[in-house]
Amino acid sequence: MSDLAILFPEPEIVTVHGRRVEIRPVRLCDFDEFGKAAGELIALLSDPSGAGVMAYGKNSKRLLSVIRKSTNLSAWRAWRLPATVATELMVHVVRVNSGFFDRALVNLAEVLAGRT
């Protein structure tokens with residue numbers, strides 16, 4: 001039964017400005033957009049600078065879209081987040097979802113190893 005937890009992951013809660021924000025798993029229809037935004041974020045964090053983080057947070061429409069679709073923040077609240085907070089929230093969205101995909105890949109490897 002523990003495998004069902006991977007198929008249906010539970011949302012995680014973080015606190016943003018004293019408000020509880022639920023981070024949900026990425027839906028299949030949003031996967032491409034999430035992948036592009038996560039790739040941009042990882043590229044930014046591989047060579048971090050304060051100005052780069054601010055520019056990413058301010059100018060990334062994907063960032064706002066992914067935050068809106070993978071959290072319980074309204075579009076109005078997500079749009080008004082400070083750039084640094086939006087970027088850090090995106091880091092948590094990537095962390096939550098990468099953990100899910102990592103577990104799924106390990107399970108897939110175990111299944112394939114058992115069949116060979």
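# A friendly walk through the cavity, core and hairpin

The largest cavity in this predicted model has a volume of about 50 Å³.

Q: Which element gives the largest share of the lining of the largest cavity?
A: The lining consists of Pro 25, Val 26, Arg 27, Asp 30, Glu 33, Phe 34, Val 66, Lys 69 and Ser 70. Two elements, helix 2 and helix 4, each give two or more residues to this lining. The largest share, 3 residues, comes from helix 4.

Q: How do the residues of that lining divide into nonpolar, polar and charged, and how many are charged?
A: Among the lining residues are Pro 25 and Phe 34, along with Arg 27 and Asp 30. Sorted by type, the lining has 4 nonpolar residues and 1 polar residue, and those that are charged number 4.

Q: Which residue in the turn of the hairpin has a positive phi?
A: Strand 1 and strand 2 run antiparallel and are joined by 5 bridges. Across this pair, Glu 12 stands opposite Ile 23 in strand 2. The hairpin they form has 2 residues between the strands, and the one in the turn with a positive phi, about 50°, is His 17.

Q: Which element gives the largest share of the largest nonpolar core?
A: This core has 24 residues, and those with the most contacts inside it are Phe 34, Tyr 56, Ile 67, Leu 73, Leu 89 and Met 90. Strand 1, strand 2, helix 2, helix 3, helix 4 and helix 6 each give two or more residues to it. The largest share, 6 residues, comes from helix 6.

Q: Which residues is Leu 89 in contact with, leaving aside its neighbours within four places in sequence?
A: Leu 89 is among the residues with the most contacts inside the largest nonpolar core. Setting those sequence neighbours aside, its contacts are Val 14, Val 16, Val 21, Ile 23, Ile 67, Thr 71, Leu 73 and Leu 81.

Q: Does Ala 78 count as buried or exposed?
A: Ala 78 lies in helix 5, which spans residues 75–79. Not counting residues up to four places away in sequence, Ala 78 touches Leu 64, Ile 67 and Leu 73. Because its relative accessibility is 5%, and the cut-off is under 20%, Ala 78 counts as buried.

Q: What separates the C-alpha atoms of Ala 78 and Ser 65?
A: Along the chain, Ala 78 and Ser 65 are 13 residues apart.

Note on methods:
Residues numbered from 1 in each chain as written. Predicted model: local features only at pLDDT ≥ 70, side-chain atom pairs only at ≥ 80, totals over all residues. Heavy atoms only, no water. Core = buried A, V, L, I, M, F, W, Y, C linked by side-chain atoms within 4.5 Å. Buried < 20%, exposed > 50% of the residue type's maximum accessible area, 1.4 Å probe, protein only. Helix = DSSP H or I, 4+ residues; strand = E, 2+ residues; numbered from the N terminus. Contact = heavy atoms within 4.5 Å. Pairing = 2+ DSSP bridges. 1 Å grid on protein atoms, 1.4 Å probe; cavity = no way out; pocket = protein on both sides within 12 Å on 5 of 7 lines; lining within 4 Å. Points joined across faces, edges and corners; volume = space filled by probe spheres on them. Nonpolar A, V, L, I, M, F, W, Y, C, P; charged D, E, K, R; others polar.
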